[in-house]
Amino acid sequence: MTKKKAGIFISAGIGDAILLIPMVNHLKRLNFHVVGILTTQYPCEDIFNLGKTFDEFIIARTKKQLLDLIGNHRIQFHAIFLNFFAGSYMNLLVSRLISKKIFTNAKPKRFKAFKWLLFKVLMINYIEPVKSLHDHEQNIYLINKETKYQLSEDDISLNLNTSKVNAFKQMVDGPYIVIQAVSANNQVQFKNWPIQHWKVFFNEVCKAFPKIKFILLGDSNEVEAAEEVLALGHQNIESFVGKTTLMEVNQLIYQSKLLVGLDGGLMHIAASLGIPTLTIWGASSDQHYGYHHCFPKKHFIIKHQLSCQPCNLWINPNQSRVKNPELCPDFKCIREIKPKEVIETFKHVVRELGIWVV
């Protein structure tokens, strides 16, 4: 019996792609053949090379590829799912041409004026998002809004392909911890802890844990910050920043003991690989994007709760101070987190997880 085909548009960054995993796993349990339709410019398909999450990918990044998608898959899907970041006019229109049913929690701009045209004529099912739900659960809610869902680690797992994992060569000798010192291509300051604070952190922990190796990961826009850390001269710090493919990033994280860093794609990758995390949070909503609420024994956070948080959130952001998080005058929520607090929390997490006894 041929499986029904379900399509999921992937239109944002790495973190958002990872947050779709529970939806994929849920659909597969319902016996769907699940296709990732990639309109994002990020190579998100590379994240999933380690696993057996999506059954298939279709690249639709250019106008020609979108036209090919329509021509090759006209009304071949039983259902298409588009989360908030994917629900553009173009994606909704394309979905109508390739699928019998469309589900989205995205409300396009000028929604009232176009409600009848888009959501009645095109027969699009608009699912009102629930403000309190984690994004993982929000995506599952698109499939079944009647059921309350309790996430497990299996739900967020990449479903690793054992043969690919076993083929890995150890890229770093001995046990190590991954550090993501800069997030979001170094373009989003409300997520980034000051590099001067990181330098204090490394000076302390490299001396306190001389047998622990610290591996820096990030992309080419973050090399300058990594060089500042390397200039401290600690022998147990190594940088792979700007030197890896996404596949190699997956490998380095999978073989690590812990990921310490910021709200960003690497945090989400670590969680999907079953690796513990310690995350410094700023303006983003840890309740919607983090993992400690679901798995408090494996994922840890450092956060200063301010009255203006969270201003970075796709649903009902706190705009009491700024409408755009990047326009914050001081980024107080993350910049006032002191190195001492991060160092003490790190020491606690290392011992709590039993990574090393020092």
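Modeller: The model is a predicted one. The buried positions in α4 are N91, L92, V94, S95, R96 and I98.

Helix α3 covers residues 63-72 and helix α4 covers residues 89-98. Their axes are 8 Å apart, and the packing angle is about 25°. Because angles under 35 degrees count as roughly parallel, α3 is roughly parallel to α4. The crossing of α3 past α4 is right-handed. On the α3 side the contact is made by L66, L69 and I70, and these meet M90, V94, L97 and I98 of α4. Sorted by class, the contact of α3 with α4 holds seven nonpolar residues, with no polar and no charged ones. V94 and I98 belong to this contact and are also buried.

The axes of α8 and helix α14 (residues 339-352) cross at roughly 35° and come within 9 Å. Here too the crossing, of α8 past α14, is right-handed. From α8 the contact takes H197, V200, F201, E204, V205 and A208, and from α14 it takes P339, V342, I343, F346 and K347. By class, the contact of α8 with α14 has eight nonpolar residues, one polar and two charged.

Next, the nonpolar cores. The largest has 57 residues, and I8, F81 and I253 have the most contacts inside it. Helix α11 (residues 265-272) gives the most to this core, with five residues. Leaving out residues up to four places away in sequence, I8 touches L20, M23, V24, L27, V34, V35, G36, I37, F54 and F81.

Some loop positions remain. Q187 sits in the loop between β7 (176-179) and α8 (195-208). With a relative accessible area of 53%, Q187 is exposed. Beyond its neighbours within four places in sequence, Q187 is in contact with N221 and E326. Q187 and E326 are 139 residues apart along the chain, and their C-alpha atoms are separated by 9.5 Å.

The loop between β12 (299-302) and α13 (332-335) contains P310, and N316 lies in the loop between β12 and α13 as well. The peptide bond from Q309 to P310 is cis, with omega near -10°. N316 is not a glycine, yet has a positive phi of about 55°. N316 is exposed, at a relative accessible area of 53%.

N31 also has a positive phi, near 70°, in a residue other than glycine. At 44% relative accessibility, N31 is partly exposed.

Note on methods: Residues are numbered from 1 along each chain as its sequence is written. This is a predicted model: local features need pLDDT of at least 70, side-chain atom pairs count only at pLDDT 80 or more; totals for chains, interfaces and linings use all residues. Side-chain values use heavy atoms; hydrogens and water are left out. A nonpolar core is a set of buried Ala, Val, Leu, Ile, Met, Phe, Trp, Tyr and Cys residues joined through side-chain atoms within 4.5 Å. Buried means under 20% relative accessible area, exposed over 50%, partly exposed in between (1.4 Å probe, protein chains only). Helices (H or I, at least four residues) and strands (E, at least two) are DSSP runs, numbered from the N terminus. Contact means heavy atoms within 4.5 Å. Axes are lines fitted to C-alpha atoms, for helices over the stretch in contact, and angles run from 0 to 180 degrees between N-to-C directions. Angles under 35 degrees count as roughly parallel, over 145 as roughly antiparallel, 65 to 115 as roughly perpendicular and the rest as oblique. A crossing is left-handed if the near helix is turned anticlockwise from the far one by less than a right angle, and right-handed if clockwise. Ala, Val, Leu, Ile, Met, Phe, Trp, Tyr, Cys and Pro count as nonpolar, Asp, Glu, Lys and Arg as charged, and the others, Gly among them, as polar.
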